[in-house]
Amino acid sequence: MRRKSITLQTNKIKHQTMNIVFIEPLGVCECTFHTAVAALQAQGHQITFYKDRREDEDTLIERAKDAEIIAVSNIPLRKNFFEHCPRLKMLSVAFTGVDHIDIEECRKRGITVCNAAGYSTQAVAELAIGMMIAVYRKIVGGDAITRISGDRQGILGSELGGKTVGIIGLGAIGQRVAQLAAAFGCRILAYNRSPKNLPGITQVDKNTLLSQADIITLHLPLTADTRNFLQSEDFALMRPHAILINTARGPIVNQNALYEALRKGKIAGAALDVYDQEPPLPADCELFNAPNLLMLPHLGFATHEAFASRFDIVVKNMENWLAGTPQNKIC
């Protein structure tokens with residue numbers, strides 16, 4: 001029977017060693033894992049790497065209950081989990097956002113949380129541009145029509161070049177989207193909480209961006225301030241031919257407001273990679289009935305290159321924390 005985990009340990013410096021658990025495989029093979037953790041292994045740390053992903057809390061607790069350092073991606077970890085992991089000192093999150101982690105509970109328990117900032121910047125930015133083109137050129141519908149022996153009659157697309165792209169959130173991903181969109185010949189508007197002096201980008205207020213952009217693309221973290229950032233009144237400001245791209249977090253957009261905006265033709269279309277919950281979505285999800293909507297199963301970050309970079313960052317965060325110089329620290 002194939003083992004579901006592997007454990008590595010040496011006998012060096014026992015009093016300084018940590019029990020490190022990768023409670024899921026994080027998209028890398030055993031060969032990549034062994035190479036990345038070689039330095040930690042040489043320092044004498046016990047390292048356990050689980051080769052299957054399980055999301056039920058009982059299994060997660062069983063895997064992590066004796067760990068002092070844990071690596072996890074986007075599996076939700078709430079208060080009850082931390083109550084069953086009394087030795088936990090450090091959490092290396094293989095994700096940019098940490099809204100799936102009970103950060104307040106980590107603060108109370110003195111658990112350091114570090115994220116994998118930057119690992120998927122290129123991957124998500126490329127997908128955002130790809131979604132714009134897919135909606136404009138009706139790629140998914142065109143494929144379906146071709147497969148039933150149809151032709152292009154009635155299909156008339158639009159070009160990305162010359163359009164005004166409104167970017168909400170000028171972090172690393174938002175800035176990369178701006179660069180890629182500019183290469184297509186787009187005019188770039190942006191809204192950001194704080195001003196940034198970036199060439200080729202005109203920063204405006206939220207309402208100006210919504211009313212002038214042909215394409216609105218979201219690149220915000222999910223916080224109390226950004227939840228329902230786009231609601232019915234915001235869709236009312238958008239141009240009837242505008243399209244919305246969301247590769248950030250689902251709850252940033254009020255789902256019902258988006259559905260109504262599409263159903264009533266207030267905007268021309270949308271493309272989503274994120275939702276109010278992680279896919280698979282429930283069978284009665286109202287968005288399934290929304291017109292002119294491209295839906296993807298949260299794959300913006302999922303590339304071979306991004307996963308390799310992510311694992312390196314996760315391990316480096318552990319090494320830095322053990323050395324007393326934590327980076328990418330959330331709390």
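**Notebook: rings, cores and confidence**

I began with Y191, which is partly exposed, with a relative accessible area of 25%. My cut-offs for that word: buried is under 20% relative accessible area, exposed is over 50%, and partly exposed is in between (1.4 Å probe, protein chains only). F229 has a relative accessible area of 12%, so I wrote it down as buried.

A note on what I am looking at: this is a predicted model, where local features need pLDDT of at least 70 and side-chain atom pairs count only at pLDDT 80 or more, while totals for chains, interfaces and linings use all residues. Residues are numbered from 1 along each chain as its sequence is written, and side-chain values use heavy atoms, with hydrogens and water left out.

**Rings**

How many aromatic pairs are there in the whole structure? My search gave 9. Rings of Phe, Tyr and Trp (its six-membered ring) pair if their centres lie within 6.5 Å; planes under 30 degrees apart are stacked, over 60 edge-to-face, and the rest tilted. F81 and F82 make an edge-to-face pair, with 5.4 Å from centre to centre and 85° between the planes. I checked both F81 and F82, and both are buried. Y191 and F229 have ring centres 6.1 Å apart and planes at 35°, so I call this pair tilted. This pair joins distant parts of the chain, since Y191 is in strand β8 (residues 187-191) and F229 is in the loop between β10 and α10 (232-237), 38 residues apart.

I also found an aromatic cluster made of F22, F33, F49 and F311. Then I looked for charges over rings (NZ of Lys or CZ of Arg within 6 Å of the ring centre and within 35 degrees of the ring normal). K206 lies over the face of F229, 3.9 Å from the ring centre, and the charged end of R310 sits over F307, 4.3 Å from the centre of that ring.

**Cores**

A nonpolar core is a set of buried Ala, Val, Leu, Ile, Met, Phe, Trp, Tyr and Cys residues joined through side-chain atoms within 4.5 Å. Which residues of the largest core touch the most other members? They are I70, L77, F81, F82, L91 and I101, out of 32 residues. Elements that each supply at least two residues of this core include α3 (57-64), β4 (69-72) and α12 (304-322). Another core lies apart, with 31 residues, among them L209, I216, L244 and V253. In soluble globular proteins, nonpolar side chains tend to be buried together.

Next I followed F82 beyond its neighbours within four places in sequence: its contacts (heavy atoms within 4.5 Å) include L77, L91, E105 and R109. In α3 the buried residues are T59, L60, I61, R63 and A64, and they pack against β2 (19-22), β3 (46-50), β4 and α4.

**The whole chain**

I counted 12 helices and 13 strands; helices (H or I, at least four residues) and strands (E, at least two) are DSSP runs, numbered from the N terminus. Buried residues make up 48% of the 331 residues.

Last, I looked at pLDDT, the predictor's confidence in each residue, from 0 to 100. The average is 94, and 96% of the residues score at least 70. Over residues 10-15 pLDDT stays under 50.
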